[in-house]
Amino acid sequence: MEVFKFGGASVKDADGIKNLGFILQKNLDKQLLVVISAMGKTTNALEKLTKSYFDNKDDIFDILEEIKAYHFGVIDQLFEDKNAKVFDEINNTFVEIEWVIEDEPQDEFNFIYDQIVSVGEVLSTKIVSHYLNTIGIKNKWLDARSYIQTDNTYREAKIDWEKTEKLIAQGIPPILKEQIAITQGFIGNTSENFTTTLGREGSDYTASIFASCLNASQVTVWKDVPGILNADPKLFNDTQKLAELSYAEAIEMTYYGATVIHPKTIKPLQNKGIPLFVKPFMQPEEAGTIIKEADIAIQIPILIVKQNQLLLSISTKDFSFITEHHLKDLFAAFSKVNIKINMMQISALSFSACFDEDEMKFKQLRSLIEADFSYKYNNHLQLVTIRHATEDSIKTYAQDKNLLLEQRSRTTAQFILKND
Ligand SMILES: Nc1ncnc2c1ncn2[C@@H]1O[C@H](COP(=O)(O)OP(=O)(O)O)[C@@H](O)[C@H]1O
Ligand SMILES: N[C@@H](CC(=O)OP(=O)(O)O)C(=O)O
């Protein structure tokens, strides 16, 4: 069997959903499980709605109406029969949000976030499933929450692999023998039956979880790019496609911040030796990129840019050396507030760490360290990583820029730059 994953960009409008149908039509000879994200920028809009609800703002119903209008606009274009069941089903799905926002917020933000934001994937999969039925592609809509079991770390839920594997391996193969399965990316379920989400852009990871538990022969993620390129085409011209990548290189790229695939996606596939294809949904016949176990020499520099970085420089209050004892306390503080360090450097008198800007977490971190340490920081920075860097690539992307910190290893050069 195979797993396909369609992201938000591929199902952002009626034409996108028709194109998905076209791709599936060409793959009806396979046993297929299809994972789908929320349509277009729906997750961002639901995030905005959740914040507005939590902050008791007045614009909450306007935001909801906008999300509704977008979804009903798409189904209006897809379904000629205005009495089709899908209209009622989508309406009822929105009622789930209305129930939540009817009362004042009582629960913590992350819990509420997951109950509301998860609805985006429920909506998109219901629409796609009904549409496929109308064009004669027999399919079964599955609630991913009946399979993907997690802990209760809301917004960043951890998979309970044992339970998940059992549910998927027992429940799904008989369905795939009969028809295509359509399910949601990004969402899971706790043992108390509450909805969780796996972290932004987590649908790629969902595809990988299903594939691993079903021992799929391959996974294809359908994207708005020709495959994995040596840089984000939204930021750079003249990018080149990488036809093949090793699992290790793909893990490194996503670790350093290449957003084309969710960082947690590759490992479960690598463990089972399942190849991952990244293909363009607009040119489905194209080869795209294959990620697999192989020794693949990379011939060109790969460029990864992370925006909105904060560089924090920490010293002891009496300007004594930074010792392992200090580092132990500092790492404990970073870990406690859940800040992931993207790059760090230690000198005699200071410890510097670069991480994604997050006002709330940074405030918590400062309150943990300021009794023992003094600090200064710069924000709105860029972290540029060049894998397989050449002198030319370093000259082009880092030299003559406002450089705050750099680090180089045999394969990777990293630069923290101040935006001009
Ligand atoms: N190295 C890269 N190669 C290709 N695309 C990249 C790369 N780095 C970042 N991207 C971005 O990833 C986007 C596709 O990923 P994403 O938007 O998460 O897809 P989806 O949500 O549809 O699954 C592209 O539009 C591109 O801007
Ligand atoms: N809809 C979720 C999950 C996801 O993976 O979406 P996409 O496949 O469009 O990146 C998000 O936007 O975070």
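Which residue in E13 is the bridge partner of Gln-309?

Modeller: The bridge partner of Gln-309 in E13 is Asp-356. Before going further, please note that this is a predicted model, in which local features need pLDDT of at least 70 and side-chain atom pairs count only at pLDDT 80 or more, while totals for chains, interfaces and linings use all residues. Residues are numbered from 1 along each chain as its sequence is written, and chains are lettered from A and ligands numbered from 1 in the order in which they are written.

The bridge belongs to the pairing of strand E11 (residues 302-316) with strand E13 (residues 351-356), which runs in the antiparallel sense over six bridges; strands here are DSSP runs of type E with at least two residues, helices are runs of H or I with at least four residues, and both are numbered from the N terminus. Two strands count as paired if DSSP finds at least two bridges between them. In general, strands of a sheet pair through backbone hydrogen bonds, either parallel or antiparallel.

E11 and E13 sit within an open sheet of six strands, ordered E12-E13-E11-E14-E16-E15, with antiparallel pairing. Its edge strands, each pairing on one side only, are strand E12 (341-346) and strand E15 (402-408). Neighbouring strands of this sheet are turned by 30° against each other on average, direction ignored, where the axes are lines fitted to C-alpha atoms and angles run from 0 to 180 degrees between N-to-C directions.

Strand E11 also holds Asn-308, and this residue is classed as exposed because 12 other C-beta atoms lie within 10 Å; the cut-offs are 20 or more such atoms within 10 Å for buried, 12 or fewer for exposed and partly exposed in between, with C-beta atoms placed from the backbone. Between the C-alpha atoms of Asn-308 and Tyr-375, which are 67 residues apart along the chain, the separation is 19 Å.

Elsewhere in the model, another open sheet has eight strands in the order E3-E4-E2-E1-E7-E9-E10-E8 with mixed pairing, and its twist averages 20° from one strand to the next. Within that sheet, strand E7 (residues 218-223) and strand E9 (residues 276-280) pair in the parallel sense over five bridges, and Thr-220 has Phe-277 as its bridge partner in E9.
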